[in-house]
Amino acid sequence: MLPLEDLFVHLYVLIDDAIKDGVIAVPRRPGPVPGCTDAEVLTVAVARHVRGVTSENAWLSQVRADHPEVFPALPCQSEFNRRVRWLWGAFEQLRAHVVAAVPVDEWQQIDTTALPVKHPSRVRGPDSWCGPADLVAGFGRDAAHGEWFYGFRLALRTDLGSRLPRALEITRAAVNERTVALDLLADAAPPAGLLLDRGFAGRAFAAAQAERGTRVMLAPFRAERRTMSPPRLHAIAVLRNRIETTNGEITENLGLARHRAHTFWGLLTRTAATLCAHALLLCGLI
């Protein structure tokens, strides 16, 4: 991985060029022009997620102490946090631009992962974890860890080969996964095939995808695995684990599982920034 100062320079050039080229559309805001530019704010934010630092305050303190000459007008933590939330769409625009340069794989995967916001034992009733429309935090089952959680789910559609996320959605903790899959597939060209786990099983869903020219392949049941040869089982496990690897990189390596957000919009911003950092790493741009 690049030394931190080199990472700052590399990210700043990439982000500043994207803003100048219109790839990133920065929303207008009232007030005087800040001393720290939007490109600098985005650079510091993306670098934090590349390094997997979960505490924004600790990260800003480190940047001020070790690299004062790189960001001489870095704002205080509260102002920095407000500006990052204001710019949350820039992370997604940059991620989409980077991913678009990579050819789409004909075979794709869809899966969901838990985004806890509060320990289940601390839930006492309705709270302020509310997103747009009727999206609110709730209880769901985290199959990967075999436990219940309170929060939301992050749904991803990724290439089977490159593992690059092509579409994403933050949804309810308890949700019909086939409905989420339809959302993620709605605005894209139908892939040749989809590799899914058993939570997506459904004849109507498979038939609808077949009509679009997409073959649905499901991970085998335990009873089916007993009748399969070891080479076939190994091939299925390797392919199925690709999206699990992507989920692990995003939630564990880059720290999204420890996001420390206090509102839905903070969670949305951290998710967008983490996925942007993940795309840059996966594409070898940093």
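Why does Cys-276 count as buried? The points below start with that residue.

1. Cys-276 has 1% relative accessibility, so it counts as buried (buried means under 20% relative accessible area, exposed over 50%, partly exposed in between, with a 1.4 Å probe and protein chains only). This is a predicted model, in which local features need pLDDT of at least 70 and side-chain atom pairs count only at pLDDT 80 or more, while totals for chains, interfaces and linings use all residues. Residues are numbered from 1 along each chain as its sequence is written, and side-chain values use heavy atoms, with hydrogens and water left out.

2. Helix α10, residues 264-282, holds Cys-276 (helices are DSSP runs of H or I with at least four residues, strands are runs of E with at least two, and both are numbered from the N terminus). Apart from neighbours within four places in sequence, Cys-276 is in contact with Val-46, Phe-91, Leu-94 and Arg-95 (contact means heavy atoms within 4.5 Å). From Cys-276 to Leu-94 the C-alpha distance is 6.8 Å, although 182 residues separate them in sequence.

3. Strand β1 (residues 107-118) is largely enclosed by the rest of the structure, because nine of its twelve residues are buried. With strand β3 (residues 147-159), β1 forms an antiparallel pairing of ten bridges (two strands pair if DSSP finds at least two bridges between them). In that pairing, Pro-116 is opposite Gly-151 of β3. Strand β5 (residues 193-196) runs parallel to β1 and is joined to it by three bridges; here Trp-107 is opposite Gly-193.

4. Thr-112 belongs to strand β1 and is buried, at a relative accessible area of 10%. Its side chain makes polar contacts with those of Glu-177, at 2.9 Å, and Arg-153, at 3.5 Å (a polar contact is a pair of N or O atoms within 3.5 Å; within protein, one must be able to donate a hydrogen and the other to accept it, and residues adjacent in sequence count only if both atoms are side-chain atoms). Beyond four places in sequence, the contacts of Thr-112 also include Leu-154, Ala-155 and Asn-247.

5. The whole structure has six aromatic pairs (rings of Phe, Tyr and Trp, the last by its six-membered ring, pair if their centres lie within 6.5 Å; planes under 30 degrees apart are stacked, over 60 edge-to-face, the rest tilted). Phe-8 and Phe-71 are edge-to-face, because their ring centres are 5.0 Å apart and their planes at 90 degrees. Phe-8 is in helix α1 and Phe-71 in the loop between α3 and α4, so the pair ties together parts 63 residues apart in sequence. Ring pairs also link Trp-129, Phe-152, Phe-264 and Trp-265 into a cluster.
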